[in-house]
Amino acid sequence: MNKKIIFGSMLLGTSVCLFLLYLFGQTEANGSTSEFQEVDYVIGVSQPNLLEPWQVLMNEELKNEVAKHDNIRVIYTDAAQSTEQQIRDIQTLKDYGIDLLIVSIDNSSDLTPVISEMYKEIPVIVLGRGVTGYNYTLYIGSDYYFIGETAAKAAMNLLGNKGGSIVEIQGITSALQAEERTKGFQETLHKNPAYKISDVLVANWQKDYAEDQLKLLLEHRENPPDLIYAHNDAMALGAYRAIQSLGLKDIIIIGSDGVNKQNGGLQLVNEKKINTTFITPTGGKEAIQYAIEILEEKEVIPKKIILRNHEINEKNIKNYLNEKEVAASSQEGGDRSITLGFAQVGNESEFRAANTQSIIEAAKEADVELILKNADNDQVKQIEIIRDFIKQKVDVIAFSPKVEHGWEEVLREAKEAGIPVILSDREINVKDSSLWTSFIGSDFVEEGRRAARWLVTEEDSENVQIIELEGTRNSAPAEGRKQGFEEVLAENPNFKILESYQGDFTHAIGKKMMKKALVQYGKEIDVVYAHNDDMAIGAIEAIEEFGLQPGADIKIISIDATKKAFRALSTGKLNFSVECNPLLGPQIMKSAQDLVRGKEIPMKIITAERTFTQEEAGKEIKKRNY
C-alpha cells in the first residue's frame, strides 16, 4: 500500500484554498516544520453548504468518526449553497488525488452527471441526499418517499377526520429528496379528499426565504391554512415566524430533520414552535466506517443503506431530548449467544438454494445458533413457523415472505413478545412499519429498470413485442420487477408487452407458460423478459422445442445472474441478466447481533448488484459459485 503524507484535515471553501493549504500548510506560521503524518487514504468530502443545522451536524459526525482512525485524512469543502462551486470543488478534489469521495448534494439534476464521472475513477459515497440512477459505490441516507408518506399520516392525525387545508413548503425542486418527499406526501393525502393541499411554495431549504414566501402568501389569502408541512426544520421555523408576524394562531406546523441544536427540530418541538418533526439521520458516522471498508476492499459492501427515521412530537420529545430512545436501549446483549429463527419461503430456484446456504454458513461463522425451517412456498405454513419461533423465545426472527400481504397479526405477536423481525430478500406491505425492524435484500424496482434500459438501448426496431414471465403473484420481487420494467417502457412506446404470464419463479411453470405464449403468438415474439433465471431457462427450452433459436430469433432477459444464467449467456441463448444477490447471510447475522446488543440498525440494507451481457459472461462464470 502506498502511504501518503498530508498535513492534518482541511476545511476548504474554494479550489484555490485547497491548493494553498496543501502547499503552504506544511510549515507553521513561524517558519518551523509542522508535524507530518503518513496515512493510507485521503478522503474528500463535498458539502453543498454548512448553514443548515442538519448539514452542520453531518459534518460534525464525519469529523468525530474520522478522529477515531489514524490511517486516514479528510479534506472538507463547503460550496456555500452554490451548485457551480460544488462542481468545481469536486473537480479540485479529484485533481488533488483523493482515494474516495463522500458527497452530499442539494441539486440532484446538476450533480448526478458529475458524480457519475467521478464514479468511473474512484469510489463515491453519496450521503444524505440522493442522485438519479446507480452510478455510485454506496448511498447512505433516508427513504424520502417514506418520510413524506409518514408526514402525511402525521398531518391527517393532527387535523383529525374533519380534514383541512395544507400548505407544502418544498426544498429545491431539482433535488431528488424534495421530489420524493412531495410524492410521498401528496400521494398519501390524495387518497382522502378531506385533506387538500391548497398551495405549494419552494423555499430552497432556507428559513428566511420560507418566511418571506409564506408571509406574502398569507397576506393575500382570506383564510389561513390549517397545517403547513415544510421539508426541513429551517423552513418550518421560517413558517412559524411568518405566522407569528401576522398574528395568526392555531396553525399546525410539521418539519423534518430533527437536529438537537438551537433552532433544530427537537428544540422547536420542545418550545412548541412546531408540532412534529422527523429525526433524519445524516449518516456521517456510517459514511466514514463504510469508506474505510470500501478502501480496504471488504467483500460485502451494500449499495444502499436506508437509515431509520423517528417521528417526534409533544408526546415523546422529552425522551429524545434526554437521548433515551435514540441511544441504544440497553447493552445487556453483550457477547452472549444469539438464537435466530429463520423461516425460509421455499426452495423454488437456484437463487433460493444459494440464499439458504449463505444463511447457514454465515450463522456458523458468526457463532449464531440458527433454527432454519422451510415453508415450502406456503404462507400459512410460514406463519406457523414464525409463531413457533415466538413460542421458543428466539432472540431474532428473520424470514423471506412468500407474498407482501397478510403478515400483520403474526408480526404483532412477535412485537408484543419483544422479538425483532428482519425481512430477508422480500418486503411486505403492512400499515404499521414498526412491526418489522429492517429489510435486507435487493431493489427490485431498479432491477426491472435495468433490464428495460438494456433492452431499449440494444433494440432499435420500430415495433418490439415482449412476453413477460412474472414471478409469484403479489410477491415483492414480482411486483417490483414488473413496475421498474414498465416504467422504462412507458417512455419508449415502440416497446409493447404482448402478454404477461404467471411463472411462479419456477423452471417448470416458466417453460409451460412460454409454450402457451408460443402457441398464441409464435414468431410475433421479439423478446422474453423473465423475472428470474429459472423461468428464463424454461423459456429457452420451450423456444428450442418450438423450432426457434433463443438469443437470436427471440432475445431473452432474466434476473438473478446465477451460474445457469452465465452458462446460457456464454452459449448465446440468453442475452442479458440482472444480478440479484442471494448471499445475504453475513448481513443478516451482523444485523441480528447488533439488535441483541441494543444497537439501532438501518431500516433497509440494499445489496450491491451488477448486470451481465454475453460478452461479460465468459470472464465471470468461473467466479460464480451459485
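Over the face of which ring does K63 lie? The ring is that of Y76, and K63 is placed 5.1 Å from the ring centre. A charge sits over a ring if NZ of Lys or CZ of Arg is within 6 Å of the ring centre and within 35 degrees of the ring normal. Here is that contact beside a second one of its kind.

| Charged residue | Ring | Distance from the ring centre |
|---|---|---|
| K63 | Y76 | 5.1 Å |
| K303 | Y136 | 5.0 Å |

A word on the source: this is a predicted model, in which local features need pLDDT of at least 70 and side-chain atom pairs count only at pLDDT 80 or more, while totals for chains, interfaces and linings use all residues. Residues are numbered from 1 along each chain as its sequence is written, and side-chain values use heavy atoms, with hydrogens and water left out.

Let us turn to ring against ring. The structure holds six aromatic pairs. The centres of the F399 and W407 rings are 4.9 Å apart and their planes meet at 55°, so this pair is tilted. Rings of Phe, Tyr and Trp (its six-membered ring) pair if their centres lie within 6.5 Å; planes under 30 degrees apart count as stacked, over 60 as edge-to-face and the rest as tilted. F399 is buried, because its relative accessibility is 0%, and W407 is likewise buried at 0%. Buried means under 20% relative accessible area, exposed over 50%, and partly exposed in between (1.4 Å probe, protein chains only).

Next come the strands. Helices (H or I, at least four residues) and strands (E, at least two) are DSSP runs, numbered from the N terminus. Strand β25 (residues 576-579) is covered on both faces: F576 and V578 are buried on one side, S577 and E579 on the other. Two strands pair if DSSP finds at least two bridges between them. With strand β24 (residues 555-560), β25 pairs in the parallel sense over four bridges, and I557 has F576 as its bridge partner in β25. In β27, F612 stands opposite S577.

Now for the helices. The 14 residues of α2 (residues 53-66) reach 20 Å from first C-alpha to last, close to the 20 Å expected at 1.5 Å a residue. That expected span is 1.5 Å times one less than the number of residues. Buried in α2 are W54, Q55, M58, N59, L62, E65 and V66. They cover an arc of only 140° around the axis, which puts them on the same side of α2; the arc is that of the directions from the helix axis to the C-beta atoms.

K94, found in α3, is partly exposed at 30% relative accessible area. Just after α3, G97 takes a positive phi of about 95°.

Finally, M535 is found in helix α18 (residues 533-545) and is buried at 0% relative accessibility. Its C-alpha atom is 8.5 Å from that of G471, 64 residues apart along the chain.
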